[in-house]
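Let's take a friendly walk through this structure, from one of its sheets to its charged and aromatic side chains. Keep the 3D view open as you read.

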Amino acid sequence: MTAVALDVQQSSRPHQQPRRDGPIPPRHRTRRPNGTRWLPVTVAALAAALLVPGGSVSAAAAAASRAVDGKALLAAAGDVQDWLTYGRTYDERRFSPLNQINTDNVKNLGLAWFADLDTSRGQEATPLVIDGTVYITTAWSKVKAYDAVSGKLRWEYDPKVPGETGVKVCCDVVNRGLAAWGHRLYLATLDGRLIALDRETGQPVWSKLTVDPARPYAITGAPRVIDGRVIIGNSGAEMGVRGYVSAYASTDGRELWRFYTVPGKPGTNRAPHLKRAEATWKGEWWIHGGGGTVWDSMAYDPRLDLLYIGTGNGSPWNQAYRSPGGGDNLYIDSIIALRPETGAYVWHYQTTPGDTWDFDAAQHMILADLAIGGRPRQVLMQASKNGFFYVLDRATGELISAANFVAVNWAKGVDIKSGRPSENPDARVDRTGKPFVVIPGPGGAHSWQPMAYDANTGLVYIPALEAGFPFVPDPHFQDAAQGFNTGMDFAAAAMPADTNIRAAVKAATKGALIAWDPVAQKERWRVVFKGPWNGGVLATGGGLVFQGNAAEEFAAYDAVSGAKLWSGSAQTGVLAPPITYSINGEQYVAVLAGWGGVWALAPGILSQVAGPVHNVSRLLVFKLGASAQLPPAPSVPPRPLDPPAVTGTPAQIAEGAQHYARFCGGCHGDAAYGGGLLPDLRRSALLADGGGWAGVVHDGVMRSQGMVSFASVLTPEQIESIRHYVIKRANEDKALGDK
Ligand code: CA
């Protein structure tokens, strides 16, 4: 209980009062249903909540509805009932002081209720809980609201994202969650819209397009709201875009500021931070876009009034094409501090200068105050995709420490004084022109899956991956109008149909939940998983760490020792981060179950390291003593592997291999080995039907399901060569015993 008291105390004296658009109405104090504490609710807010379109009074609204304002978000650490913002608090710790479910009784955790979702694509969202309602986003940017106790569906909203948008995303048609402000929710859609929804009804209030639809931008991340400014970035650096983050007025969606993370063409850069960055680029980077997308992580320190954003990789990956001759390429792979009111640059720290390996710095950032070297430090922590755990001074951006949390071979370490990595020259494939198996690979040592920080244990819990990738520079790269533009030769990197090589690579590919001491920069414990792709993390005052994994289980671990104390079958892989909330004195733990994301699409046979993982998309909600049961797990036998005989010429098959790797493998799996989420082309009936194959790939007859026409980048002959390549691959795998 000490943690609860401490958090409430800290959050009750914020240094900065939130600004408001109008006069501040008198405050009334409302008793929380669980009687734990008092929260301020404005009269105007209550009055507004009672009104629904048509002028009638909504019973649900009358029962309980409050404005999520700056004060509520600043006090979120002590709000044990709700989960108001993506990372639970602006410092994004994903720690709840709730301790009703604890190390002693977690063995009695049971399923309270569940809700089936109408999709078999990935689930990555963090639910929000406000006044007894759970709000989630699911694949294709759909939103659903449930009664938090009974699981009854209250409303749902479908922004009707066109299926063709699917080709603009590297890593599944996922959405990571909502933001709340006032009586509205804010949703960013896959096709780049920011939409305000009425929280009580799910009706859209306004919608604003935040991207150029002619470019391959997409949004999978969750917005944040600071003082009425809705902040959202985007993704697309695999395809070729210029990264930025923007702020929109919560009231009407008007754009307030936009911060570009990489410079445009010289002469067009007015912002001082972009003018300074120009000198770190060479060639004509703006033609490719440059990258540096703000596709996931943000954090906010209200005392310093700094918004932190993490930027992604350069576009294309291969620096020899992006910025021939080198340069740091600011501000790709950087953590940047901005003023949330204006979007003005304050400081940056670049984790991977001149990145050539798809090492983002867009991973989860956590803010905490730590005693380091005998003095208190205000830090920002990130377990980067590049394998190093960074501790920065969040007031200045100074690097305090960095250490690798998994095996890495691209750098020997990070020089604290300069803040720069000591690179392994062999890993610089853009300069050597030679292949090199880089560890970690582009899937990272840590991707978007959120970590958690427990101040009681002093540990950060990292959902980590151990995986390498053969980077082969493409000597003939040219930008394509559609699909991945990386400057790497994925065909040369494809997994060979060789049992020994496959077994060796599988053995070296795994996942881990790592408990990391950020002061000592040392691992305290680790739980190792067979599959690399494991779920986001929640830590609680009950001394527990909750996480799902690829072995289709959802589990609770002892936060101090890592001992597994409880687990339940989710009947599917679990990637999304759990949350916890409390209603009427009862603690609940909720998680979106459902397999997806990049590891379910691109890595081919490596996506099966933990065995075939199914997607059964559901919201699962647990509490002590509950005994709801899931229906029997669905049986999903794959279509038989029964390809036609190889008829393509060796030249056709070799050409097909190139085009497949460039345009198809990102979704249908490396070396045509399907990951189970999207059609496994080796098993397609169209392999024996050249006309039908062309109908899909050239004419785009399945565009509404996300399979667009590739006629703009592939000729009919090239499309036919891909069919011959997949037939050959299917026959190879059948000969190896696949069924
Ligand atoms: Ca990337």
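## An open sheet

Four strands build an open sheet in the order β23-β24-β25-β26, with antiparallel pairing. Helices (H or I, at least four residues) and strands (E, at least two) are DSSP runs, numbered from the N terminus, and two strands pair if DSSP finds at least two bridges between them. At the edges sit β23 (365-372) and β26 (399-404), each pairing on one side only. From one strand to the next, the twist averages 25 degrees; axes here are lines fitted to C-alpha atoms, for helices over the stretch in contact, and angles run from 0 to 180 degrees between N-to-C directions.

Inside this sheet, strand β24 (residues 375-383) and strand β25 (residues 388-393) are joined in the antiparallel sense over five bridges. Leu 380 stands opposite Leu 392 in β25.

## How to read the values

This is a predicted model, in which local features need pLDDT of at least 70, side-chain atom pairs count only at pLDDT 80 or more, and totals for chains, interfaces and linings use all residues. Residues are numbered from 1 along each chain as its sequence is written, and side-chain values use heavy atoms, with hydrogens and water left out.

## Salt bridges

How many salt bridges are there? The count comes to 43, taking a salt bridge as a side-chain nitrogen of Lys or Arg within 4 Å of a carboxyl oxygen of Asp or Glu. One of them joins Glu 466 and Arg 526, whose closest N and O atoms are 2.7 Å apart. Glu 466 belongs to strand β31 (residues 459-466) and Arg 526 to strand β34 (residues 522-529), so the pair ties together parts that are 60 residues apart in sequence. Glu 466 is buried at 16% relative accessibility, while Arg 526 is partly exposed at 29% (buried means under 20% relative accessible area, exposed over 50%, partly exposed in between, with a 1.4 Å probe and protein chains only).

Now look at Asp 733, which forms a salt bridge with Arg 502 at 2.8 Å between the closest N and O atoms. This pair links distant parts of the chain, with Arg 502 in helix α9 (residues 499-507) and Asp 733 in helix α13 (residues 716-735), 231 residues apart. Arg 502 has a relative accessible area of 8%, and Asp 733 has 0%. Asp 733 also meets Arg 729 in a salt bridge (2.7 Å, N to O); both lie in helix α13, four residues apart, about one turn of the helix. Salt bridges that share partners join a network whose members include Arg 502, Asp 680, Arg 729 and Asp 733.

## Glu 124 in its loop

Glu 124 lies in the loop between β4 (109-116) and β5 (128-130). Is this residue buried or exposed? Glu 124 is buried, with a relative accessible area of 2%. Its side chain makes polar contacts with the side chains of Arg 176 at 3.0 Å and Trp 448 at 3.3 Å. A polar contact is a pair of N or O atoms within 3.5 Å; within protein, one must be able to donate a hydrogen and the other to accept it, and residues adjacent in sequence count only if both atoms are side-chain atoms.

Tyr 349, Trp 357, Phe 359, Phe 388, Tyr 390 and Trp 410 form one aromatic cluster. Rings of Phe, Tyr and Trp (its six-membered ring) pair if their centres lie within 6.5 Å; planes under 30 degrees apart count as stacked, over 60 as edge-to-face and the rest as tilted.
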